[in-house]
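The sequence and structure come first.

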Amino acid sequence: MPDPVDAPTKPCHNCRRQRLRCDRSYPHCNKCTSLGKQCLGYGKLFRWTGAVASRGKLAGKTSSAAIHGQEDPGTSPASYPEVRSPSSSPTTSSFFSDASTGSSDSQLQLARRRSPSSEPNCANQYVLIDPLFQDLSSTHRYYLSYYKDRFCQDLVSQDVNNANPFRALLPLTRAHPLLQHVVVAASAAHMSNQVRAHIAFAPKGSSTAIGYQQTSDRALRDALVAKQKALGMMSAAIQDLDMLGGDVALAAALFFVNIELIESGKHGWRAHLEGAANIMALLQPSSASDEALRDYMLSDCFIYFILASAFMPVAQQMHLKFKIEPEKIPQILGRAAHNSYFCCPPEILQILHAASELANLPPEENQSEETSKAGLELLQRAQSFDVIAWASDVLNIPSLKDVPIVSRIHAGSAHRVALCLYILQAVPSLGQVVGPELREQLGQDIFSHLDKIPDHDPNFKATTWPTFIAGAEAYGQPRQDWIMNRLQRLVVSCPWGFLYTAMEALPVIWGMDTKDSGARNWLQALKDPNLNFLIV
């Protein structure tokens, strides 16, 4: 052991990157040794960036440190076509970051493309950057890079550097194979859907369309393999949450829900959301370093729970309970609301939860005067909510000072109007109190707000739930065609499979036998246990 004066004063590189408590043993951390990992020590950490050799046979040559090991060339990153960002035109840049971008989160960058002027004949077109990921397979590194540069954009409202806490999961994937596999599975499934959505842009039967289809199929296979491995690991990990860590377990459960939503949003998500609820009950107080990430994960779980309650049959809701003090839920939603992907005021979500409870009352209670009065109070609360003040409050956060406030107001307003339409469905007797004029006005308002958010706006992806509610309320072919067109554009922007399920469910609702437009109760149809899907 060194003299006390020479003892390490900081955690080893592994523990610091993984946010673990280091015992600062010298020369190697005991925690790393006990986990069978190579401790990177306490000194300066060097990074490969394609340096030029100064002597020997390779003098003057650029380093070709391999980013992938001995694998089938057909599964290497070089064999994948470039995956484009989800804009209206599939001609934007690749998701791989270039070294010249100067991104402030470059420490999370796993690989970068070689400069066109250096080593043009080199078979390996990527240069290793972070040595912590050097022993990962090229396939996993490919999807982790996709997670960082593309998938993370869907998990927040505004993907601003240093304001997206979900990127903090990336370093943890190196220490936790469970988290690595579940993130890879979600990213690969997301990529498969994104490529599939762009097939429509290629001429039918062309080599481009065939290439897209092959890429989508390959990514889907990779997603299924990683998902199966993660499920096996999760089963073992939940037996000892202290060893795994509560936040890692919660992240895994949340991403299992995300995988199901990316695939179709049918059935499978419920078991994972129940698991997340159980894990949340066991969480220990978080440290200041991971508090933001935990808030966002908890917030997403609560949002999923509230939206699930809106359409879930009563019998299934009995098994989905969050063992946490009810007064803490608004606080958690509020802390993450400024940059939540859902872009919905927490007050609106709370009213939606209360309305879903009224919808689940037995028929005789649901039609009572007392329930009608409670529904009217919820409707008035929703109508009086100040969306402009909520949207403008984000300007007090320095990292989000450049967010598009106008579209944020329209997104929040669309959620508010969608809530009002939901309340009228949850308490049918309320329609006689407020009259048909209000329903018609709300229908016009929600279309107006949605229409003012263009496809390229970052808040466009936050309008999936209001779009579905507007579709359920849509009468007449023009409005129904408008809704289907918007959902198809949303799939390109936000390639999650539950949107395809929504497009399948809406024609069923439109086909309901209704002579009186006010008599269509699509909410009860969506509570069919055989349907059971989640729209977010």
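Arg24 sits in the loop that joins α1 (13-18) to α2 (30-34). Its phi is near 60 degrees, which is a positive value in a residue other than glycine. Arg24 is partly exposed, with a relative accessible area of 37%. His267 also has a positive phi, of about 60 degrees, although it is not a glycine. The loop that holds His267 runs between α8 (246-263) and α9 (269-280). With a relative accessibility of 39%, His267 counts as partly exposed, because values between 20% and 50% fall in that class.

**The model as a whole**

The structure is a predicted model. Mean pLDDT for the protein chain is 81, and 77% of the residues reach 70 or more. Two stretches should be read with this in mind. Over residues 1-5 pLDDT stays under 50, and the model has three contacts there beyond four places in sequence. Over residues 47-55 pLDDT also stays under 50, but here the model has 26 contacts beyond four places in sequence.

The secondary structure of the chain consists of 23 helices and two strands. Of the 536 residues in the protein chain, 52% are buried. Among contacts with a separation of 6 or more, 71% are between residues 24 or more positions apart.

**Helix pairs**

| Helix pair | Axis distance | Crossing angle |
|---|---|---|
| α8 and α9 | within 8 Å | roughly 165 degrees |
| α12 (residues 328-337) and α13 (residues 346-359) | within 9 Å | roughly 140 degrees |
| α19 (residues 436-451) and α20 (residues 464-472) | 10 Å | about 140 degrees |

How do the axes of α8 and α9 cross? They cross at roughly 165 degrees, which makes α8 roughly antiparallel to α9, since angles over 145 degrees fall in that class. The crossing of α8 and α9 is left-handed. On the α8 side the contact is made by Gly246, Ala249, Leu250, Ala253, Phe256, Val257 and Glu260, and on the α9 side by Trp269, His272, Leu273, Ala276, Ile279 and Met280. By class, the residues in the contact of α8 with α9 are ten nonpolar, two polar and one charged.

For α12 and α13 the angle is roughly 140 degrees, and the two helices are therefore oblique to each other. Their crossing is right-handed. From α12, the residues Pro330, Leu333, Gly334 and Ala337 meet Pro346, Leu349 and Gln350 of α13. This contact of α12 with α13 has five nonpolar and two polar residues, and no charged ones.

The crossing of α19 and α20 is left-handed. Here Ile446, Phe447 and Leu450 of α19 meet Pro466, Thr467 and Ala470 of α20. The contact of α19 with α20 divides into five nonpolar residues, one polar and no charged.

Leu261 belongs to helix α8. Is Leu261 buried or exposed? At 0% relative accessibility, Leu261 counts as buried, because the limit for that class is under 20%. Leu261 and Ile535 are 274 residues apart in sequence, yet their C-alpha atoms are 8.3 Å apart in space. Which residues does Leu261 touch, leaving aside neighbours within four places in sequence? They are Tyr304, Trp496, Gly497, Phe498, Leu534 and Val536.

Methods:
Residues are numbered from 1 along each chain as its sequence is written. This is a predicted model: local features need pLDDT of at least 70, side-chain atom pairs count only at pLDDT 80 or more; totals for chains, interfaces and linings use all residues. Side-chain values use heavy atoms; hydrogens and water are left out. Axes are lines fitted to C-alpha atoms, for helices over the stretch in contact, and angles run from 0 to 180 degrees between N-to-C directions. Helices (H or I, at least four residues) and strands (E, at least two) are DSSP runs, numbered from the N terminus. Angles under 35 degrees count as roughly parallel, over 145 as roughly antiparallel, 65 to 115 as roughly perpendicular and the rest as oblique. A crossing is left-handed if the near helix is turned anticlockwise from the far one by less than a right angle, and right-handed if clockwise. Contact means heavy atoms within 4.5 Å. Ala, Val, Leu, Ile, Met, Phe, Trp, Tyr, Cys and Pro count as nonpolar, Asp, Glu, Lys and Arg as charged, and the others, Gly among them, as polar. pLDDT is the predictor's confidence in each residue, from 0 to 100. Buried means under 20% relative accessible area, exposed over 50%, partly exposed in between (1.4 Å probe, protein chains only).
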